[in-house]
Amino acid sequence: MNRTTKRRRDRKHTPKVEMAGLYQRAIQDAFHKLDPRIAVRNPVMFLVWVGTVVTALVTLDPNLFGTVAAPPNPQRVLNGSITVILFFTVWFANFAEAVAEGRGKAQADSLRATRSDTMARKVLPDGSTQSLPSTALRRGEQVKVMAGEMVPADGEVVAGLASVDESAITGESAPVLKQPGTDIASSVTGGTRVISDELLIRVTADPGQGFIDRMIALVEGAERRKTPNEIALTVLLTVLTQVFLIVVATMLPLATYVKTPTTIAILISLLVALIPTTIGGLLSAIGIAGMDRVAQFNVIATSGRAVEACGDVNTLVLDKTGTITLGNRLAEEFIPVDGHGLGDLAQVALASSIFDETPEGRSIGQLAERLGATLEFNRATVEGVEFSARTRMSGIDLADGRQIRKGAVDAIKGFVRSRGGHLTPELDTAYEKVSKLGGTPLAVCQDGEVYGVIYLKDRVKPGIKERFDQLRRMGVRTIMLTGDNRITAAVIAQEAGVDDFIAEATPEDKIEVIRREQSQGKLVAMTGDGTNDAPALAQANVGLAMNSGTQAAKEAANMVDLDSDPTKLIDLVTIGKQLLITRGALTTFSIANDIAKYFAIIPTIFSAAGIGALNVMGLKSPQSAILSALIYNALIIPTLIPLALKGVQFRPLTADQLLRRNILIYGLGGVMAPFLAIKLIDWVIPIP
Amino acid sequence: MLQGWIQIALTLLIILLLTPPLGGYMARVFSGSETRLDRLFIPLEQLIYRWGGMGSLVDMTGWQYIRAVLFSNLAMALLVFMVIMFQGLLPLNPTGLGSPTWDTALHTVISFVTNTDQQHYAGETTYSYLSQGLGLGFLFFTSAATGMAVAIAFIRGLTGRPLGNFYGDWTLAITRILLPISLVGAVILVAAGVPETLAAPVVVPTLEDATVQQAIALGPVAHFEIIKMLGENGGGFFASNSAHPFENPNGLTNLLQIVAMMAIPTALIYTYGIFANNRRQAWLIYAMVFGIYLGCIGVAAIAEYQGNPAVNALLGGPHPNLEGKEVRFGWAQSVLYAVTTTGTMCGAVNAMHDSFMPLGGAVLLTNLFLQIVWGGQGTGTAYLFAYLILAVFVTGLMVGRTPEFLGRKIEQREVVLTSLLILLVHPIAILIPAAVTLAFSEQLAGTSNPGFHGLSQVIYEYASAAANNGSGFEGLADSQPAPTALWWNLSTSVSLLAGRYIPMIALVLLADGMSRKPPVPMTAGTLRTDTGLFIGVTAGVILIMGALTFFPVLALGPIAEAFQIGGGL
Amino acid sequence: MVNPLPLVQSVPSPGEAAAPLWRRLYRRKGPPSLFLLLCLNLIIAPAVQGATGPQLLRTQAYALGILGLVTILLSGYLFVVMFQPERF
């Protein structure tokens, strides 16, 4: 657990994001956003904007809308102060958005830096090559990339074998081998560098349409579409604004009727204090920051909607290998059967694995050597048989015609039968024994004779059980998919603490399980990398493809993990929830603030009506009360910018616990905080 | 003092005990289960369906339901308008009353068809027995049944069922609930001394001076009275409503009237619990509303019990405020009645609300603003759930999921409809006309008291109209032939219609949309809406969003008045 | 070697789709509707003056009338946001 978090934390800072000058740029942008054509997009702040203009007018002429009883100069000072505070309220909101966008832009710039335009070598139909800028490449065209060159666009390897340095986007320094045909290693991302050899690549994305480009557009925020939940919240805030507009506008004749006249500037102040400026000013910053957090995790999301959906996920469908268990299984024990000795089995096992370069194969060889096995033949004289998904076994053919095989127990049984050997129940006993330990049993045979079973031990990732426990507390179910047999799967599932598992799973099972969950109204998230996974990724509500996976998988998914770490799906659930919680918390806080603002402003501005006793905060004077409430109202926006950008700290608790906690902090806190803050400001400001 | 509190407590206990049986019965009626009245009423209902050409009652879609509500209400309004305008030519008119002015008739019809029963007239001198008994009495049943049908459709939609058939529910509401209870209640009222006669007024010499003749108005009051209360109508047969000794002669009738007002709004919450199969939630909501209700009674009762400081100074000691109250009911029964009638949108009065202490008046106004302290016939319960949905949306995000209510996601459409429904209609229908009226107070208002109390009177009138309550802070010159009557009749008509039909349309659309959403399964990550915590949060949302909107007008009206007369707090 | 075109430019932005709306409103409907508003104010301002009595100067009545109209426009704008939030 510790190691993984640490690694993830390190990765968060790669690629490096240039933050210098962020605030200077944000300060300028905040002024640009005062343009009414931009301001009109945020209904709450637009009202404050219009209010600022009107208070500016009554600063110039306090008697513009009616002769004021007070002498014009103090009135002018008050109106001027109100104007300045309102201006800053709007500006702070703009600033919050600009900072969020700026951080996104910085993130985008660092992503974009990987895409510095290069020259590409386009392969023409006649086989010759033509040099042209990478931006001129189109989907479907083929390019040749030589050692030392940048890959000009996202694509799929058609021919060649080369190692590619992907550190620019993944931060992983070890180069990756790319070759055509294989599921995992055939896709390349624009901006990575070929280190050795050369590749022929078919371009799969038009310029500006690659994953990175989409992410750039998303984190920059400017071209961000509002997510469904954000739209619903905007509606609520607009209705509240509308309500208070009516309340305040009708107050002018009402107050005049009861002979406690008030001024337009004061009514505008009341309006601004009551409408939900806090959340209205921070709403878009929260959304942009949410996208930005996803980007910092080195995950590319193709839409904000997908990030939001992460918070709603009910079921995670996870592959066992690589997500729940460490990718490589190691040989733990040899179990000889049918009267063979341990030494014999080790001997055969070693022989079967000499060409097996997988970690499993190497570990079998090592274990066999530890047990004293030696090669009794010349490597050069034998022929290796590679593992294939169809035969599910591998091995060697000796020069003398003996065939040694190791593989899935079923496959070996078939092999033995075809060689005329006979099978004993001892094999099944060993098979079951290994399965019950949660291991993968591999049978070893020589021609028709079974020698025994190798126990490959699966290692559950450290800390994964705790994470699943957290998910369960948040109401997220986990389903493990594995090609293992039922018994093995059950043991691993038990050990990892998943809620359900599907053994001997095929790619079709993946879609099946997703459909089944969705038919119960659940939102499903899954990870995948192979072409086989593409339909399931498309079917899932949140599909996270591995960057190392095929183009088909990446295109079907709505998110791509540049680090190819399937465990990140769990982090994404947290990010999605955090985004929603932050929005909810600041909305509750903003609305709860109204109580205090009411009690600060109403009694003082209508003190002529004799309701001064309602001034429970004991504010000095009507002027001081209004200015204090407005200053609080303005300052709370920059105060909460860090929270909006970082997000409310997420804790894996049940809904009830979360509600209790957040209501206490943001609801009750939202009621109390402004009482204290307004009183404090009233005490500090030098107004009689 | 103690006696008064005991009266209040006993009345509330009766209502509490009545809730489960009545709520359960209503759930059985509207879910089509067997009830004991089946044998009696099924033939009658079949007859009604056949005559109405309704045939088989198919489930309606949202817009079909809305059309059914609007057209049926329009048709009834036209019918009653005709009856009223031609009452001079029609029978059952012993006092020979002519037609009222068109605006009075229009306002009356709109007011009664919207279950409001705001009266800008004196019943005994304006409308004939036919107009009252058959015209308005008819609307007593149908307007109440409309509200109930919409509430049932709303509950059905919320719990994922089809909305049902408006005409079917409407008929059932009348034949199975309103009619049987009214029959029993009317008999008890007659036994307790309420007149039920078609005879003309009795003319008698007065006790003080035998040469002076006084006409004592009579009429078919008892049956009118019970449905007036049970259906949250509130339109009095006589001008002084339930303060009149022939409408509400004694303690027994007063108790019966309070229980009748409360019966259906309280029971509907329980009915919801059965439909949603979550009685725990229903009781929690019930407890929340009961808590707000008790708080309202407490504030108003203390204000009335302490009395008017100015009067107390003259009398040389503390006395309850009895101005505008019937001595046979006293302060406690009057307060309980007033809080109940404004809370349940009944609008019948047994005391002058105008003469309540400012804080008592503020409580009554708050009831009108909130509309959920039990709330109107059917609509109140629906508003309650709209508030719940709003609370889910505001706070539900804080558990990190798209908010859900009863397993259905609250999205843009729900937010638009809910917030329109409970946040926007009221300020528009109350504050805007009130502002216009007070801006041109000399030409339009005709208030009996200027200043803070005048503001309260005007606000109350529009709040009563928009909330479909019907009671009044009397003292406005809103009856013909006053010059301001035309303005009052027309402007309140707009508030009446806006306060009734916009929310109803929104409710039906909301329920329709919710019923079509795929349900999301409950998990540990789902916000539970049946916990004390969440219901407490809802109470907070109701107070902040529902009540604070009107805090400025309360401050400039009753609260300022309370400070003005000193010691009112 | 260096292409001056920024890569993201070819991405069709949702923001651009909304922009013409404002430009339209701003360019074509702007001046005539402003004029109409001022005309409307010719009716409203005397009413405002009538409501408040002689203590209000004529210019103040006109200013108040315009303010009232601006408020109504803002309210209308908020209704548009309410029912079509995705346009903003």
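A residue is called buried if 20 or more other C-beta atoms lie within 10 Å of its own, exposed if 12 or fewer do, and partly exposed in between, with C-beta atoms placed from the backbone. This tour begins with a residue of the first kind and uses a predicted model, in which local features need pLDDT of at least 70, side-chain atom pairs count only at pLDDT 80 or more, and totals for chains, interfaces and linings use all residues. Residues are numbered from 1 along each chain as its sequence is written, while chains are lettered from A and ligands numbered from 1 in the order in which they are written.

**Stop 1: a loop in chain B**

Select B:Glu232. This residue is buried, because 36 other C-beta atoms lie within 10 Å. B:Glu232 sits in the loop between helix H8 (221-230) and helix H9 (251-275) of chain B. Helices here are DSSP runs of H or I with at least four residues, strands are runs of E with at least two, and both are numbered from the N terminus. B:Glu232 is not a glycine, yet its phi is positive, about 50°.

Now select B:Asn241, which is in the loop between H8 and H9 of chain B. Is B:Asn241 buried or exposed? B:Asn241 counts as buried, with 26 C-beta neighbours inside 10 Å. Its phi is near 55°, a positive value in a residue other than glycine.

**Stop 2: two helices of chain B**

Select H15(B), residues 412-439, and helix H18, residues 485-516 of chain B. Two packed helices are described by the angle between their axes and the distance between the axes. The axes of H15(B) and H18(B) come within 9 Å and cross at roughly 175°. Axes are lines fitted to C-alpha atoms, for helices over the stretch in contact, and angles run from 0 to 180 degrees between N-to-C directions. H15(B) and H18(B) are therefore roughly antiparallel to each other. (Angles under 35 degrees count as roughly parallel, over 145 as roughly antiparallel, 65 to 115 as roughly perpendicular and the rest as oblique.)

Residues that meet here include B:Leu417, B:Leu421 and B:Val425 in H15(B), and B:Ala498, B:Ile502 and B:Ala506 in H18(B). Two residues are in contact if their C-beta atoms, placed from the backbone, lie within 7 Å. By class, the contact of H15(B) with H18(B) has 15 nonpolar, 5 polar and 2 charged residues. Ala, Val, Leu, Ile, Met, Phe, Trp, Tyr, Cys and Pro count as nonpolar, Asp, Glu, Lys and Arg as charged, and the others, Gly among them, as polar.

Pick out B:Ile502, which lies in helix H18 of chain B. B:Ile502 counts as partly exposed, because it has 17 C-beta neighbours inside 10 Å. Draw a line from B:Ile502 to B:Leu417: the two are 85 residues apart in sequence and 9.9 Å apart in space, C-alpha to C-alpha.

**Stop 3: where chain B touches chain A**

Show chains A and B together. Here 57 residues of chain B are in contact with 60 residues of chain A. Which element gives the largest share of the side of chain B that touches chain A? H15(B) does, with 15 residues. That side of chain B divides into 39 nonpolar, 15 polar and 3 charged residues.

Next select helix H23 (residues 655-684) of chain A and H19(B). They pack at an angle of about 30°, with their axes 11 Å apart. That makes H23(A) roughly parallel to H19(B). Among the residues making the contact are A:Leu659 and A:Ile663 of H23(A), and B:Phe534 and B:Val537 of H19(B). The residues of this contact divide into 5 nonpolar, 2 polar and 2 charged.

**Stop 4: chain A and its confidence**

Select helix H9 (residues 264-274) and helix H21 (residues 568-605) of chain A, which pack at an angle of about 165° with their axes 9 Å apart. That makes H9(A) roughly antiparallel to H21(A).

Finally, colour chain A by pLDDT, the predictor's confidence in each residue, from 0 to 100. The mean for chain A is 84, and 92% of its residues reach 70 or more. Over residues 1-16 of chain A the pLDDT is below 50. Where pLDDT is low, the predicted coordinates should not be read in detail.
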